[in-house]
Amino acid sequence: MIKTFSGLMSDGAQETIHLRTLTGTTGYKIIKFQIMPEKPGTTDYEHIMKVFKTAQTTVTENINFSDSLLLAAGYTEGGAATNFIGNPMTVIFDQDIINQDIHITHIDTKGALACNYYLELEQVKLDSNETAVATLKNIKNRG
């Protein structure tokens with residue numbers, strides 16, 4: 001089963017997608033993550049959106065693939081002067097299976113514009129060992 005989530009996030013925002021269940025036997029894997037400016041071609045923008053395993057204390061433009069809490073990152077830019085509607089969107093995501101809430105952040109490094117996101121998660125049934133591993137990883141990440 002595929003679950004989809006989408007939304008428009010303001011500059012500096014963070015949203016939580018609630019995935020946690022009572023038993024933890026339902027896992028999710030990111031299969032698609034896309035971003036699109038609210039107003040492409042009308043102003044200058046550099047949007048960075050990231051998906052994390054835990055809530056972030058601050059929303060930054062830094063992308064660090066060594067960060068074990070980072071599940072996905074997306075980047076696009078564009079400008080109004082040339083009606084440039086953006087470089088090809090760059091999106092990279094991890095194949096981790098998670099069974100807890102995830103958190104999306106957004107920042108516009110050229111202004112304060114909003115950006116849309118679209119996220120597809122594949123739902124997978126976890127056996128007791130996979131549930132334990134996913135839950136223990138989450139406890140470690142929060143510690």
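Here are some friendly notes on the structure above, which is a predicted model.

1. The chain has 143 residues, and 40% of them count as buried. Its accessible surface is about 7,700 Å², with 53% of that belonging to carbon and sulfur atoms. Now look at how the chain meets itself: among contacts between residues at least 6 apart in sequence, 79% join residues at least 24 apart.

2. Side chains of opposite charge can pair when their charged atoms come close. The whole structure holds four salt bridges. One of them joins the side chains of Lys-29 and Glu-122, at 4.0 Å from N to O. Which parts of the chain does this pair tie together? Lys-29 sits in strand S3 (residues 26-37) and Glu-122 in strand S8 (residues 115-125), so the bridge ties together parts that are 93 residues apart in sequence. Lys-29 is partly exposed, at 23% relative accessibility, and Glu-122 is partly exposed too, at 27%.

3. **A strand paired with a loop.** Glu-46 forms a salt bridge with Lys-110, and their closest N and O atoms are 3.9 Å apart. Here Glu-46 belongs to strand S4 (residues 45-52), while Lys-110 is in the loop between strands S7 and S8, 64 residues apart. Lys-110 has 44% relative accessibility and counts as partly exposed.

4. **Two loops brought together.** Lys-53 and Asp-96 also meet through their side chains in a salt bridge, at 2.7 Å from N to O. Lys-53 lies in the loop between S4 and S5, and Asp-96 in the loop between S6 and S7, 43 residues apart. Is Lys-53 buried or exposed? With 10% relative accessibility, Lys-53 counts as buried, because buried means under 20%.

5. Find Ile-92 in strand S6 (residues 90-93). Ile-92 is partly exposed, with a relative accessible area of 41%. Leaving aside residues up to four places away in sequence, Ile-92 touches Phe-65, Leu-71, Ala-72 and Ala-73. Ile-92 and Leu-71 are 21 residues apart in sequence, and their C-alpha atoms are 8.5 Å apart.

6. **Empty space.** Rolling a probe the size of a water molecule over the atoms shows where empty space is left. Two cavities of 30 Å³ or more turn up in the whole structure. The second largest cavity holds about 40 Å³ of space. What lines the second largest cavity? Its lining is Pro-37, Glu-38, Lys-39, Tyr-45, His-47, Leu-113 and Ala-114; by class, that is four nonpolar, one polar and two charged residues.

Terms used
Residues numbered from 1 in each chain as written. Predicted model: local features only at pLDDT ≥ 70, side-chain atom pairs only at ≥ 80, totals over all residues. Heavy atoms only, no water. 1 Å grid on protein atoms, 1.4 Å probe; cavity = no way out; pocket = protein on both sides within 12 Å on 5 of 7 lines; lining within 4 Å. Points joined across faces, edges and corners; volume = space filled by probe spheres on them. Nonpolar A, V, L, I, M, F, W, Y, C, P; charged D, E, K, R; others polar. Buried < 20%, exposed > 50% of the residue type's maximum accessible area, 1.4 Å probe, protein only. Contact = heavy atoms within 4.5 Å. Areas by Shrake-Rupley, 256 points an atom, 1.4 Å probe, with all protein chains shown as cover. Helix = DSSP H or I, 4+ residues; strand = E, 2+ residues; numbered from the N terminus.
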